[in-house]
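Visitor: Could you walk me through this model and tell me what stands behind each label you use?
Guide: Gladly; let's look at it together.

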Amino acid sequence: MSDIEEIEVRGGQGQVLDPETYRDSIGTMEQSGKRRWVFPRKPKGKYTNYRNLVSYLLLIIYFSLPFITINGNPLLLFNVIDREFFIFGQPFYPQDFFILTLGAIASLIFIIVFTIAFGRIFCGWICPQTIFMESIFRKIEYLIEGDRNKQMKLDRQEWNGEKIWKRSLKWSVYIVISLIITHFMFMYVVGYKEVFRIVSEGPFAHPTNFIVMILLTAAFYFVFAWFREQVCTLVCPYGRLQGVLIDKDTINVFYDFKRGENRSKWRKGEDRKAAGKGDCIDCHQCVVVCPTGIDIRDGQQLECINCTACIDACDEVMEKVGLPKGLVRYASENEIEKQTQFKFTGRMKGFAVFLLLLVGFLGYLLYSRGEMEAKFIKPAGSTFFVKDGKITNTYNYTFLNKTNDKKIVTIKVMDPAHGEITYSASSKIQVDRDKISKGTINISFPEDEMKLSKQNITIGVYDMKGKLIDSYQTYFEGPFKLQF
């Protein structure tokens, strides 16, 4: 039997199956609504190699970022409990949430625009669900249970010694990996040092942390050991969102139906064009490799995550039968229908420019914050006092240093510019990096210059070079005066 004849009747590694059973064996749902398990064949090919490189790079980033610091600050930290947030080593505080909100909105716009132009590439190449599932858990499954046909055979057989051993080993490894992923996720919340400390002190010293860790580990295990592709097909809102975002110019993984139909089995030496047959030899290899259990030849489907496994499988078959590759490829619907070469259209160029502008905007939001945030608040219940012809008000100041450097600052009244300041301590106030400094000052104005009982003033905070770092507008109280 030739290689092509084998492709026609084999589901993967050597077991001969009726081609019509392929659809039945990989569908995610039976007609009754009961779930049908997906056993995708191990993909191989150019795009798979590229995806593996991207996956390994992202996994290295995920497992290394918690240990990277910039100027002593963690590169990324989202400590909701203690309200400590660091992005690219820069500290963020609850006062900066408007920046994070704008950043989140810009990110959402980025995703929408990216999807309109380039489809669901994120799902197949970058999504954490896909990365963990295909690059870790699925590879472990292939290593322990074998490829598609061996997994199907193991699933059908009775619970004998082989099945118990392989399933127990796989599930145990899954639990360990889920536990590791959860620990690293916690490092993004409290930092790696705190996680190491909690682990070293044991679960009895930190029962709440231990329970949360176990619950999240169980959640990861449930998703990757059992729920799997159902996250993409049933839960993830992005798959539904793409249905209203893509159009005929959107780049997606498409089957070239004009070239492939009418599909027919391969016959060696046959002139398929003369016989009115298309290039698709109906080998189902694009179907058996799909991790979400769809047939790409049925057209664009919400379950497709653009993982390119079908592209590699089809290209391998086309190469063996001597037909051009690209029967399944990245393309737009217009490109398939009009049989034209792909062009980077003006629309896509515009979207690309817009995406770059959004990235620049996000960068601007992250680095456009002031160096320091200053507040001057009158103590509750305090009022003014008059002495030696001057009216004096007391203010409590709070300085938050948002930089990675120690700051020494002074205070001046900006408007009106001739206010006199007396300090409870030194006039040179030191604020350590990522710290808050508090204190009290008195501000005085000549009595004959205060015309209102409550007058707005602006107080400025300056560094030792005289540069204005921040300003704060508050009010100054004085005696009530009748105006005629």
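**Labels and their grounds**

Guide: Asn262 sits in the loop between helix 13 and helix 14; helices here are DSSP runs of H or I with at least four residues, strands are runs of E with at least two, and both are numbered from the N terminus. The model is predicted, so local features need pLDDT of at least 70 and side-chain atom pairs count only at pLDDT 80 or more, while totals for chains, interfaces and linings use all residues. Residues are numbered from 1 along each chain as its sequence is written, and side-chain values use heavy atoms, with hydrogens and water left out.

Visitor: What makes the bond between Glu261 and Asn262 worth a stop?
Guide: That peptide bond is cis, with omega about 0°. Another cis bond runs from Asp415 to Pro416, where omega is near -5°. Pro416 belongs to the loop between strand 11 (407–415) and strand 12 (420–423).

Visitor: Why is Asp256 called buried?
Guide: Buried means under 20% relative accessible area, exposed means over 50%, and partly exposed lies in between, using a 1.4 Å probe and protein chains only. Asp256 has 2% relative accessibility, so it counts as buried. This residue is in the loop between strand 6 (252–255) and helix 13 (257–260).

Visitor: Which residues is Asp256 in contact with, leaving aside neighbours within four places in sequence?
Guide: They are Leu327, Arg329, Ile336 and Gln339, where contact means heavy atoms within 4.5 Å.

Visitor: Is Lys268 buried or exposed, and why?
Guide: Its relative accessible area is 77%, over the cut-off for exposed, so Lys268 gets that label. Lys268 lies in the loop between helix 13 and helix 14 (285–288). From its C-alpha to that of Ser437, 169 residues away along the chain, the separation is 83 Å.

Visitor: What makes the phi of Asp282 stand out?
Guide: Phi is near 55° there, a positive value in a residue other than glycine. Asp282 is in the loop between helix 13 and helix 14, and with 12% relative accessibility it counts as buried. Asn306 also has a positive phi, about 60°, and is not a glycine. Asn306 is placed in the loop between helix 14 and helix 15 (309–321); its relative accessible area is 0%, so it is buried.

Visitor: How do you know how the chain's radius of gyration sits against a compact globule?
Guide: The radius is taken over C-alpha atoms, and the globule rule is 2.2 Å times the number of residues to the power 0.38. For 484 residues a compact globule would come near 23 Å, but the chain has 32 Å. The C-alpha atoms fill a box of roughly 110 × 60 × 40 Å along the principal axes. In the chain, 46% of the 484 residues count as buried.

Visitor: Where does UniProt place the feature "transmembrane region"?
Guide: The unreviewed entry gives residues 53–77, 97–123, 171–190, 210–227 and 348–367; such annotations may be inferred rather than shown by experiment, feature names are shortened, and positions follow the numbering used here. In the model, residues 97–123 are 93% helix and 0% strand, with end C-alpha atoms 28 Å apart. Residues 171–190 are 100% helix and 0% strand, and their end C-alpha atoms lie 29 Å apart.
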